[in-house]
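Load the model and keep the selection panel open. The stops below are given in the order to select them.

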Amino acid sequence: FVQECLGPMAERWEASIEAELLFDDDGLEAEFLFSQLLRGDSAARAQYYNAGINGGWLTRNEARLSENLNPLPGLDRPLRPLNMAEEGDAPGPETPTITPPSHTPPGTPSNGRLNALAVAAAKRVARREMELIAKARSSADRDAALLEVYGKHVGFVASVMTLPHEVATEYCASQIDLAANPDHEIADLEILACERLTHLALTGQLT
C-alpha cells in the first residue's frame, strides 16, 4: 500500500511543495515519512538498532534519526567490536564530533529543525524587504516611500514568519529608521534583518 499507493502521491506532493513554497538556496526539502507505517514494534526496533550499532554498520546518530530524534555530538562514528580489531590495532578512545557553529543569532533555542525553518523564512522576508527598500530609496520622497513600503510589508512579515500582526508591525516600525539611513548598505541591512527576524521568530523578542 505504501509503495504502490501512498509513495507516488507523496512524491508528487513533495515536488510541488519544493517548487512552490521553498527557495533553491534555502537548503530545505520536503519529505513525507512513512517509517511509522513500515517499522515494527519497539522491541523489534531496539533489537535491530542494537545489532547494527554493536556490529559497527550503524551509527548511534543514524539510529536516532530513524526514530525522528535530533543527532547528538559525538555519536557519528561507528563502534568497532573488539573481536573485529586488526592484530596490533588497539582501539582508541572515540573522538567527539566537532559541531560547526550555526549562523543563527546567539541566544536562540538549539532545536536544529526549528532553527533551519526560522532562518529560511527570515531570508525570504529579508530578500523581499531589501527589494522594497531599494525601490523606495530611488523615489523622490524617500521617507514617504519607506513608510508606504513598510506599511504593506507588515502583512508579509506576519504571514511568512507566523507572527502576530502587532509584532510584525513593531518589527517594521523599528526597521524604517535603519532603511532611511543612506549610510547603511543594502547588503548590511539584509544581514541585520535576517538576524533580527530569526531571533524574533525563535524568541518572540526584537533585538
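Buried here means under 20% relative accessible area, exposed means over 50%, and partly exposed lies in between, computed with a 1.4 Å probe on protein chains only. The model is predicted, so local features need pLDDT of at least 70 and side-chain atom pairs count only at pLDDT 80 or more, while totals for chains, interfaces and linings use all residues. Residues are numbered from 1 along each chain as its sequence is written, and side-chain values use heavy atoms, with hydrogens and water left out.

Select Cys194, which is buried at a relative accessible area of 13%. Then select Cys172, buried at 2%. With a disulfide taken as a pair of cysteine sulfur atoms within 2.5 Å, the count is zero.

Next, select helix α7, residues 165-180; helices are DSSP runs of H or I with at least four residues, strands are runs of E with at least two, and both are numbered from the N terminus. The 16 residues of α7 reach 23 Å from first C-alpha to last, close to the expected 22 Å, where the expected span is 1.5 Å times one less than the number of residues. Buried residues in α7 include Val167, Tyr171, Cys172 and Gln175.

Move to His199 in helix α8, residues 186-203. Is His199 buried or exposed? Its relative accessible area is 13%, so His199 is buried. The His199 side chain reaches the backbone oxygen of Gln205 at 3.1 Å.

Finish on Gln205, in the segment after α8. Gln205 is exposed, at 52% relative accessibility. Its C-alpha is separated by 9.6 Å from that of Tyr171, 34 residues apart along the chain.

Methods
Polar contact = N/O pair within 3.5 Å; in protein donor to acceptor, adjacent residues only side chain to side chain.
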